[in-house]
Amino acid sequence: MVSPVVSPVVSQMTFSPVPPMLDGYQPDVSGFSTAAPQSAPNSPRTLLLGTSMTKWVNEDLDVINVSVSGARLCRPFRDWKGSLAIDMLKGFREREPELVVRKVIVAFGTNDIRRWVKFVRSHSGKNDIYNAYVDLVREIRNMFGKTTEIVLATVIPLRPDYGWTASNVFMFNRIVTSVVRSMKCIGVDWTIPFLNNELNFNNDLFSNDGVHLNSSGYNVLNEIVYEELMENYI
């Protein structure tokens, strides 16, 4: 198993007011690569479970994408009504009870950090995040079998002037690392590919909202998912 790369805090960043919610975001993918590699015809089915960050992965890839905008890993407050990761998984299984899934890519964290920074940074919050990951991994294995490969992705970075610090992202990534090790999952780094050569936030890969990827960013993500799809299958 490969553990995710968890880098040190890459720059000094400060908090700023949290912007309005962007759950209805529709990206400009006009520049999305039309030459994106396709998966092998007979590759096993892979489930991509994530947020709006993964919702627009190239449809040519042989991946079942059940990502939902605004989805989160855990729910710290009762007044939050968005999609929870574990509920998304259960809903998918109800719709596709017979489908064989051999790999599940799990990509959460952006909305957890973005909406409740104080919760994420608290001791109880870290425990809740860890436990939510563990519960999700167990549920995946219950649904699809103990041999199902579970891939946990680290958090795609967020622009610092939108209120999130690098330390929040890497703190969350340390929790991902802990779950990878304790639950014997596969870890993949989705943080470093979206930083520049100086290991700072790469503006060239993100839309103007500072949260979502632009067409160039989705090309990068598409390549990462493609590589994960092809791992061990060709």
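## A cavity and its lining

The lining of the second largest cavity comprises seven nonpolar residues, four polar ones and no charged ones, where Ala, Val, Leu, Ile, Met, Phe, Trp, Tyr, Cys and Pro count as nonpolar, Asp, Glu, Lys and Arg as charged, and the others, Gly among them, as polar. The residues concerned are Thr 51, Met 53, Thr 54, Ala 107, Phe 108, Thr 110, Ala 153, Thr 154, Val 155, Ile 156 and Trp 190. This cavity holds about 70 Å³ of space, and two cavities of 30 Å³ or more are counted. A cavity here is a set of points, on a 1 Å grid over the protein atoms alone, where a 1.4 Å probe fits but cannot get out, and lining residues have an atom within 4 Å of a point; grid points are joined across faces, edges and corners, and a volume is the space filled by probe spheres set on the points.

## Basis of the model

The model is predicted, so that local features need pLDDT of at least 70 and side-chain atom pairs count only at pLDDT 80 or more, while totals for chains, interfaces and linings use all residues. Residues are numbered from 1 along each chain as its sequence is written, and side-chain values use heavy atoms, with hydrogens and water left out.

## Overall organisation

The chain contains seven helices and five strands, and along the sequence they follow the pattern β-α-β-α-β-α-α-α-β-α-β-α; helices (H or I, at least four residues) and strands (E, at least two) are DSSP runs, numbered from the N terminus. Of the 234 residues, 56% are buried, a term that stands for under 20% relative accessible area, with exposed meaning over 50% and partly exposed in between (1.4 Å probe, protein chains only). Among contacts (heavy atoms within 4.5 Å) between residues at least 6 apart in sequence, 74% join residues at least 24 apart.

## The parallel sheet

The five strands form an open sheet with parallel pairing, in the order E2-E1-E3-E4-E5, and two strands pair if DSSP finds at least two bridges between them. Strands E2 (63-65) and E5 stand at the edges with a single partner strand each, so one side of each has no neighbour in the sheet. From one strand to the next, the twist averages 25°.

Strand E1 (residues 46-49) pairs with E2 in the parallel sense over three bridges, with Thr 46 opposite Val 63 and Leu 47 opposite Ile 64. Four bridges join E1 to the parallel strand E3 (residues 103-106), where Ile 105 is the bridge partner of Leu 48. Thr 46 and Leu 48 point one way from E1, Leu 47 and Leu 49 point the other way, and all are buried. Helix H2 (residues 85-95) lies across E1 and E2 and runs at about 145° to E1; axes are lines fitted to C-alpha atoms, for helices over the stretch in contact, and angles run from 0 to 180 degrees between N-to-C directions.

## Two loop residues

Thr 51, one of the cavity-lining residues, is found in the loop between E1 and helix H1 (52-55) and is buried, because its relative accessible area is 3%. Leaving aside neighbours within four places in sequence, Thr 51 is in contact with Ser 67, Val 68, Ser 69, Ala 71, Ala 107, Phe 108 and Asn 111. The C-alpha atoms of Thr 51 and Ala 107 are separated by 7.2 Å, although these residues are 56 residues apart along the chain.

Lys 184 is found in the loop between helix H6 (166-183) and strand E5 (186-188), and counts as exposed because its relative accessibility is 61%. Its phi is near 55°, a positive value in a residue other than glycine. Most residues other than glycine have a negative phi.

Methods: 1 Å grid on protein atoms, 1.4 Å probe; cavity = no way out; pocket = protein on both sides within 12 Å on 5 of 7 lines; lining within 4 Å.
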